[in-house]
Amino acid sequence: GFWYLLLCILVFQRITALVGLQSPISITKSQRSARMICEIKISEAMFEGLSIHWYQQKEGRAPERILYVSEGKPVVETGFTANRYMVEKVSSQKRFILTIKDVIPDDAATYYCQEILLSTVRPWDADIKVFGSGTKLIVSSKGHSPPANSEILKKEHENQITYVCLVEKFYPEVIRVTWTDENNEEVTDSVVKGDTWKATENEEYSIGSWLTVPVKNKDKKYYCKYEHESQDRSLPTRGIYKILRVIY
């Protein structure tokens, strides 16, 4: 009834309020330390009540917990070398930072922070557990390289406009592409994101993302934003003159 619905709304609000944004999106190196940040979008009071865990996920395997922080000190799981991992808590910036010292090939994996908001205030609440967006560690002597080209192509067809955002020849392959509107709000409806493909023999990759909008929105400006280890960039749709040839 009403109270159950109210409880669901409260729990949903707590989940949506707890978001772990990890940066950078990837780290490419063959030696020295790798440092990754987990930033929590949450109030200061709630941040102090968080329990933080870090997981490692290797290709084709389930995530495995590396460590968790108990009473301000990291507790490293069996199977991982304790003195290779360091965790910092930066309350002023609402961040947890994981450092892996002297990376080795076996460290190659995607690392996730997990935030657990303990239900100490309201005993009827469940603990809220949320994973971060992930940071991929690539152990390679080949350094990262920015896209050689990025552009937006446009095609009008009947009552629709299709924008295609092409980001070409970058390394590593890890990239995040999103669309936003004039108010910097993310657009998710009518967006199709393609998979990355190997564009050259030199381990360079490309990706495309499609946004379709009604013709009535032709004067609105949209942005294709990409986040890559080498750089972040935002491309506007307005002022595009190239026509995408599409066979319907």
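**Ground rules.** I number residues from 1 along each chain as its sequence is written, and side-chain values use heavy atoms, with hydrogens and water left out. As the model is predicted, local features need pLDDT of at least 70 and side-chain atom pairs count only at pLDDT 80 or more, while totals for chains, interfaces and linings use all residues.

**Disulfides.** I looked for disulfides (pairs of cysteine sulfur atoms within 2.5 Å) and found two. Counted along the chain, the bonded cysteines follow the pattern 1-2, 3-4.

**Cysteine 38 with cysteine 113.** I read 2.0 Å from S to S for this pair. The two cysteines sit 75 residues apart, cysteine 38 in strand β3 and cysteine 113 in strand β9; strands here are DSSP runs of E, at least two residues, numbered from the N terminus. The torsion about the S-S bond is about 60 degrees, so I noted this disulfide as right-handed. Cysteine 38 has 0% relative accessibility and counts as buried (under 20% relative accessible area, 1.4 Å probe, protein chains only). Cysteine 113 is buried too, at 0%.

**Cysteine 165 with cysteine 224.** Here the sulfur atoms are 2.0 Å apart. I read -75 degrees about the S-S bond, a left-handed link. It joins strand β13 to strand β19 across 59 residues, and both cysteines are buried.

**The sheet with β19.** I followed β19 into an open sheet of four strands, β15-β14-β19-β20, with antiparallel pairing (two strands pair if DSSP finds at least two bridges between them). The edge strands are β15 and β20. Six bridges join β14 to β19, and I saw arginine 176 opposite glutamate 227 of β19.

Methods: Buried means under 20% relative accessible area, exposed over 50%, partly exposed in between (1.4 Å probe, protein chains only).
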